Amino acid sequence: RINKVYSITHNKIPVFLSSDKKAVISDSKKEPYDLVINLENHRKFFSLMKQIHSTHKVGAPFTEGPVEQNGHAVEAMMKVTLGGLAKLIPNAGPGPYLPTIVGSEFQTLKEKLSLSEKFILLHPGNSHFASKDHRSYRAWPINYWQQLARLAVDEFSTQYSIIIIGSENEKPIFDALEKDLPPDVVTLCGETNLVELIALISNTRLL
């Protein structure tokens, strides 16, 4: 559904110094957009937004950007997006525009991974795990995950198998966890691709 992706490196530098940003503007001049939606609030995107050729522009600095308040960031972004779509389509609702994500065939995956019928997923992965910057607060401490895994086994293992999921680059988290994991817990670190992960999450009793 995406015709072209522009990768913008060093997005803080101004337009006149960025060949990536100038490429976006140049292409939009040849074939102007109907609508541009900015889902970022940072000023570093303002000059790019101002210079892109488009009939309509929503998001900062033209309209209010995503405001989370007490909601989720995705809901805030959807509100901005729908505000933009309303400029093209009267009374635009989210239904037709939300992406459809399809996982792999679950029965095949179940046989491949020898899964039980009922299972609970734990996903300790976090892109900011052990980060040295301020975002590391997003990572729940490993000892908490160890306690949660043990509690899950004690509480649910007679009815459900406990499975830990994650990608290959999250292996340091798994290595730290496995030192103290109950033997009943199944770890699938790096053993599932994206569509398989979607199927797992779609069929779990609890994530």
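A residue is called buried under 20% relative accessible area, exposed over 50% and partly exposed in between, with a 1.4 Å probe and protein chains only. By this rule Asn 169 counts as exposed, because its relative accessibility is 66%. This is a predicted model, in which local features need pLDDT of at least 70 and side-chain atom pairs count only at pLDDT 80 or more, whereas totals for chains, interfaces and linings use all residues. Residues are numbered from 1 along each chain as its sequence is written, and side-chain values use heavy atoms, with hydrogens and water left out.

The overall architecture comes first. The protein chain contains seven helices and five strands, where helices (H or I, at least four residues) and strands (E, at least two) are DSSP runs numbered from the N terminus. Read from the N terminus, the order of these elements is α-β-α-β-α-α-β-α-β-α-β-α. The chain has 207 residues, of which 34% count as buried. Contact is defined as heavy atoms within 4.5 Å; among contacts between residues at least 6 apart in sequence, 52% join residues at least 24 apart. The chain exposes about 13700 Å², and carbon and sulfur atoms supply 53% of that area. Such accessible areas come from the Shrake-Rupley method with a 1.4 Å probe, and for residues only the protein chains shown count as cover.

The interior can be described through its nonpolar cores. A nonpolar core is a set of buried Ala, Val, Leu, Ile, Met, Phe, Trp, Tyr and Cys residues joined through side-chain atoms within 4.5 Å. The largest one has 16 residues, and those touching the most other members are Leu 122, Ile 162, Ile 164, Leu 177, Leu 181 and Val 185. At least two residues of this core come from each of β3 (119–122), α5 (142–156), β4 (161–166) and α6 (171–178). Helix α5 gives the most, with five residues. Leaving out residues up to four places away in sequence, Leu 177 touches Pro 124, Ile 142, Trp 145, Gln 146 and Ile 164. A second, separate core has 11 residues, including Phe 106, Leu 113, Leu 115 and Ile 165.

Thr 192 belongs to the loop between β5 (186–189) and α7, and it counts as buried because its relative accessibility is 16%.

Aromatic rings form another group of interactions. Rings of Phe, Tyr and Trp (its six-membered ring) pair if their centres lie within 6.5 Å; planes under 30 degrees apart count as stacked, over 60 as edge-to-face and the rest as tilted. The whole structure has four aromatic pairs. In one of them, the rings of Trp 140 and Trp 145 have centres 5.1 Å apart and planes at 90°, so this pair is edge-to-face. Trp 140 is partly exposed at 41% relative accessibility, whereas Trp 145 is buried at 14%. Together with Tyr 144, these two residues form one aromatic cluster.

Charged side chains provide further links. A salt bridge is a side-chain nitrogen of Lys or Arg within 4 Å of a carboxyl oxygen of Asp or Glu, and the structure holds three of them. In one, Asp 27 meets Lys 4 at 3.2 Å, N to O. Asp 27 lies in helix α1 (residues 19–30) and Lys 4 in the segment before α1, so the pair ties together parts 23 residues apart in sequence. Another joins Lys 112 to Glu 196, with their closest N and O atoms 2.8 Å apart. This pair links helix α4 (residues 106–113), which holds Lys 112, to helix α7 (residues 194–203), which holds Glu 196, across 84 residues. Lys 112 is exposed at 52% relative accessible area, while Glu 196 is buried at 11%. Lys 110 and Glu 117 also meet in a salt bridge, at 2.3 Å from N to O; Lys 110 is buried at 15% and Glu 117 is exposed at 52%.

Ile 13, Phe 16 and Leu 17 make a nonpolar patch of about 320 Å². Patches are made of residues with over 30% relative accessible area and no salt bridge, like charges being joined within 9 Å and nonpolar side chains (Val, Leu, Ile, Met, Phe, Trp, Tyr) within 5 Å. Leu 17 lies in the segment before α1 and is exposed, with a relative accessible area of 55%. Asn 169, the exposed residue of the opening, is in the loop between β4 and α6. Its C-alpha is 9.2 Å from that of Gly 125, although the two residues are 44 apart in sequence.
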